[in-house]
Structures are given as structure tokens and as C-alpha cells.
Amino acid sequence: MLESLSPLLLVWIACVILLAGLLQGALGFGFPFVATPLIALATDMRTAIVLVLLPTVATICVALFSSGPLRATLVRFWMMPLYSIAGSAAGTWVFVSAPQAPYTLVLALLTLFYLSLDRLGRTDWPQVRRHERSFAPFSGVAAGLFEGTANVAAPPLIIFYLALGLAPAMLVQALNICFLVGKTTQFTVLATRGGVDASQWLATLPLVAIGVTGSLIGVRVRNRIDAHAFRIWVKRALFAIALGLLVQFGYSRFP
């Protein structure tokens, strides 16, 4: 794939990967949401997905292992990927049954509703912290459901983890445990059933290096801010995701 692209396009792809890596490192999420559409603008969606996949997996690993010991997060949230997988299966079935339903619009409005409540000071939910094990399945399944329908899983997970009041390091690890399971599953499907051979994956390794470099720089930025500032950044990123979903919905309905 890469050898068929022009030098100018390769520069664009490298810059996008670097930017997405910076955001992933600083916030702990957002790499595919930023990189995939920006690269797809200049290529096509399938090429963008293949080019972005291994850099995404690599930056997820950076987020996981640069945030301290994993054991406490795994013990507490090991079940979240399982809930997400169940939700993704259900979401895929729903999408196949009703592909024209406004899934991106629903997710965008729910995210904006949460942010509106936050501005009003109505997102202190002690019942979520007291009954974490009861709310965890709902959050995980919702994330998987929107992954299967709108191809975006982060907002339900982020809202749940913010409600729990997690420290930035644990929030980043908890998010990326789910992301790693999802992306490795996607890689397995593409490598075995998607017609992408080993040489094409190897050709994306320079992008992996660029993404990891950006992610490591982003991690250094995250380590210099306090928990309050980090939560503000995360909420602003949620707002940006909601706006992106609204634009995506509008473009799909009114091209």
C-alpha cells in the first residue's frame, strides 16, 4: 500500500499518525478516532483502517505500560472487555438488522447530555461508586453496543470511569484494556479473513514507530498535569468526539 502512495501523501499520513499518537499518550484514548478519518480523506476507508491498526495497538500498549503497575487495574476491571465483547456482538446484530438507524446521533446526544449535566454539577453519582459491580456490565455492554453500531466505544466507558473518580493512570489503563482486546480481535480478523498479507502489515511498521514516538511525548505531557486538569481535558475530548459524531451523522444523511 505505502509504495503506491505519493511522497506528499506519505508526509500527511506520518503527520496524522504523530498527532494521533500525541493525543493517545496525553489522554489515553483517541488514536483511531483521529487518525482513521483524516487518512481516509486522502485514501480510502479500508486503506486507512489497515494503516492505522498496528500503530493503534502499539500506542495502546504504551498507554497500558507507561501508567504504572497493571495488577490493580486488571483485578478490578478484568471483566470489562468481556462485557464489551458481548455488547459488540449485540451491536453488530442490531446494525445488520437496522443499518439506517441514527446510532452516531444517539451516541453524540447522550455524550452532550452528560457534559451538560457536568456543567450543572449533576455528575456526582455516589451510587455508581457504591454499586460499581452493578453498573460495570451496563457500561461495558453499552460501549460494545456503540462499537458495533457507531464504531466508537470510548464515551460510555469514559463516563463510567469518571463517575468512579478513578485516578488518571488507572482510568487510562482501564480504558486501554478494553481497547486492546477489541483491536487485537480486529487485527486477527483482517490478517486471517481480510486479505491483508504479512508484507502489507510489515510496511506499516514505520508508522508504528511514529505513533509510539508521539505517544511517548504525550505521556510525558500527561505526567506533568494534575488529576483535575486531566479530567477537564478528557471532558473536552468527549465534547470533540460528540461534535465529530454529529458531523459524521450529518455527512451521511446530507452529503
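Colleague: Is the crossing of α3 and α12 right-handed or left-handed?

Modeller: The crossing of α3 and α12 is right-handed. Bear in mind that this is a predicted model.

Colleague: How is a pair of helices like that described?

Modeller: Two packed helices are described by the angle between their axes and the distance between the axes. Here, helix α3 covers residues 45-65 and helix α12 covers residues 205-223; their axes cross at roughly 35 degrees and come within 8 Å.

Colleague: Which residues of α3 and α12 make the contact?

Modeller: From α3 come Leu 51, Leu 54, Pro 55, Ala 58, Thr 59 and Val 62. From α12 come Leu 207, Val 208, Gly 211, Val 212, Ser 215, Leu 216 and Val 219. By class, the residues of this contact are 10 nonpolar and three polar, with no charged ones.

Colleague: How do the axes of α1 and α12 cross?

Modeller: Helix α1 spans residues 7-27, and its axis comes within 6 Å of that of α12, at a crossing angle of roughly 35 degrees. The crossing of α1 and α12 is right-handed. On the α1 side, the residues in contact include Ile 13, Ile 17, Gly 21 and Gly 25; on the α12 side, they include Ile 210, Gly 214, Gly 218 and Arg 222. The contact of α1 with α12 divides into 10 nonpolar, seven polar and one charged residue.

Colleague: Turning to pockets, how much space lies in the second largest pocket?

Modeller: The second largest pocket holds about 480 Å³ of space. Its lining has 19 residues, and those closest to the centre are Trp 125, Phe 138, Pro 156, Ile 159 and Phe 160.

Colleague: Which helices each supply at least two residues of that lining?

Modeller: They are α6 (103-119), α7 (126-130), α8 (132-150) and α9 (154-164). The largest share, six residues, comes from α6.

Colleague: What is the make-up of the lining of the second largest pocket by class?

Modeller: There are 16 nonpolar and three polar residues in the lining, and no charged ones.

Colleague: Why is Gln 248 called partly exposed?

Modeller: Partly exposed is the class between buried, under 20% relative accessible area, and exposed, over 50%. Gln 248 is placed there because its relative accessible area is 40%.

Colleague: How far apart are Gln 248 and Pro 37 in sequence and in space?

Modeller: In sequence they are 211 residues apart, while their C-alpha atoms are 9.9 Å apart in space.

Note on methods
Residues numbered from 1 in each chain as written. Predicted model: local features only at pLDDT ≥ 70, side-chain atom pairs only at ≥ 80, totals over all residues. Heavy atoms only, no water. 1 Å grid on protein atoms, 1.4 Å probe; cavity = no way out; pocket = protein on both sides within 12 Å on 5 of 7 lines; lining within 4 Å. Points joined across faces, edges and corners; volume = space filled by probe spheres on them. Helix = DSSP H or I, 4+ residues; strand = E, 2+ residues; numbered from the N terminus. Nonpolar A, V, L, I, M, F, W, Y, C, P; charged D, E, K, R; others polar. Axes fitted to C-alpha atoms, helices over the stretch in contact; angles between N-to-C directions. Left-handed = near helix turned anticlockwise from the far one by under 90°. Contact = heavy atoms within 4.5 Å. Buried < 20%, exposed > 50% of the residue type's maximum accessible area, 1.4 Å probe, protein only.
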